[in-house]
Amino acid sequence: MIVISSSPSAVMALDPAPMLEWLRREAVILQARGTAFGEQVYLCARGRRHPIVSAARLEELGFRWPHDVQPVSERLLASYAPAGGIPAPRAGEFDAACLGDAMRVREAIACSLDGFGLEIGAGASPFPVPPRCRVVFGDRLTYEQLRAEPYPGQRLEDLVIPDILTDFDTIGNVAEESLDFLVACHVIEHTRNPIGSIAAAWRKLKPGGRLVLVVPDKERTFDRDRPVTPLEHLVEDHRAPDRARDYAHYEEFYALAQPVPEFARARAVERKFAESYAIHYHVWTHDSFREMLDHVEREVCPWSHVWTHPAVADESRCIEFYAVLVK
Ligand SMILES: C[S@@+](CC[C@H](N)C(=O)[O-])C[C@H]1O[C@@H](n2cnc3c(N)ncnc32)[C@H](O)[C@@H]1O
């Protein structure tokens, strides 16, 4: 049975104590000053470095500012692989503070994660996860390909090194029922068959496992002039994937989202299509996404709970909406 509600209580489970205990045992706080890392302080553990957002957060995690911060060489810091931030121990209490900005919502969702998971398409902004979790990173592109064509605003130092190559359309290279959670943040809009992606995630998750989707709200991005993708289209992409239908997405994208002047558009579309460049194939609002999830539950795979939440705050602090699906 599907439960779609605006209350997160059905999908949030909180217990900050194990996280704090683990941190005291395993983590060190490092900073390399005046370098490519700037003033950024990292909590380092298990070969990964997690950015700490503020001195207050460090204290919330049980460390003292600045006493517990060790200055180290840039080289040492770079030997830790980039990873997501650490949520505040009580961030899972989805309260009014969460409605203030996107990162608070991400952290509230993160607090409900446990065990072993995969993040697909982390880019240079890996999703926060409590340090008790083990995360592997996957992408359709290799690290070298990601470095060669960073998205606007991505810092190369923060670019995650994918542990596996996998496409969200099928989630190959991942065993069935092997994951406690799967995170895809600003990725599903890049898939040709999003219903197929959600079905693939269902197969890869253990019973009780969680799929976390963070999705750009088309009304808050460069997609605002595109029409919402109708459910019938998404169903058809799942039933019978078709390259001609994909081509139409490229035409729409380069006409309305990232407009190319008309005289040059046909060639640009042809080139990007030949490269399989990852445009936003489909676009949603929170409500149209819920309509798709409702269809998925009825016709494709029976999630036990589905929680969604619209974009919070204003456009300058949040362009995304959220879904957590529990198998
Ligand atoms: C827009 S970036 C998102 C980065 C980060 N998660 C964020 O929220 O800023 C999209 C990432 O997903 C990857 N990606 C796009 N389509 C994909 C697909 N079908 N399968 C796996 N990865 C994909 C891209 O290579 C890129 O790393």
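This is a predicted model: local features need pLDDT of at least 70, side-chain atom pairs count only at pLDDT 80 or more; totals for chains, interfaces and linings use all residues.
Local features require pLDDT of at least 70 and side-chain atom pairs pLDDT 80 or more, whereas totals for chains, interfaces and linings use all residues. Residues are numbered from 1 along each chain as its sequence is written, and side-chain values use heavy atoms, with hydrogens and water left out.

**Ligand site**

- Polar contacts are pairs of N or O atoms within 3.5 Å.
- A ligand nitrogen atom is placed 2.7 Å from a polar backbone atom of G121, and a nitrogen atom of the ligand lies 2.8 Å from a polar backbone atom of F168.
- The side chain of S125 has an N or O atom 3.3 Å from an oxygen atom of the ligand.
- Of the 600 Å² of accessible area that the ligand has on its own, the protein covers 92%; accessible areas come from the Shrake-Rupley method with a 1.4 Å probe.

- Helices (H or I, at least four residues) and strands (E, at least two) are DSSP runs numbered from the N terminus, and two strands pair if DSSP finds at least two bridges between them.
- Nine of the 12 residues of strand β11 (residues 205-216) are buried; buried means under 20% relative accessible area, exposed over 50%, and partly exposed in between (1.4 Å probe, protein chains only).
- Strand β10 (residues 179-185) pairs with β11 in the parallel sense over six bridges, and V183 has V212 in β11 as its bridge partner.
- The β-α-β crossover from β10 through helix α6 (residues 194-204) to β11 is right-handed: with the strands pointing away from the viewer, the path from the first strand over the helix to the second runs clockwise.
- Strand β13 (residues 320-326) pairs with β11 in the antiparallel sense over seven bridges; Y322 in β13 is the bridge partner of V214.

**Backbone features in loops**

- W65 and P66 are joined by a cis peptide bond, with omega about 0°; P66 is found in the loop between α2 (55-60) and β5 (69-71).
- I171, which is not a glycine, has a positive phi of about 55°. I171 is placed in the loop between β9 (164-165) and β10 and is buried, with a relative accessible area of 0%.
- H186 has a positive phi near 60° and lies in the loop between β10 and α6; H186 is partly exposed, at 22% relative accessible area.

How values were computed
A polar contact is a pair of N or O atoms within 3.5 Å; within protein, one must be able to donate a hydrogen and the other to accept it, and residues adjacent in sequence count only if both atoms are side-chain atoms.
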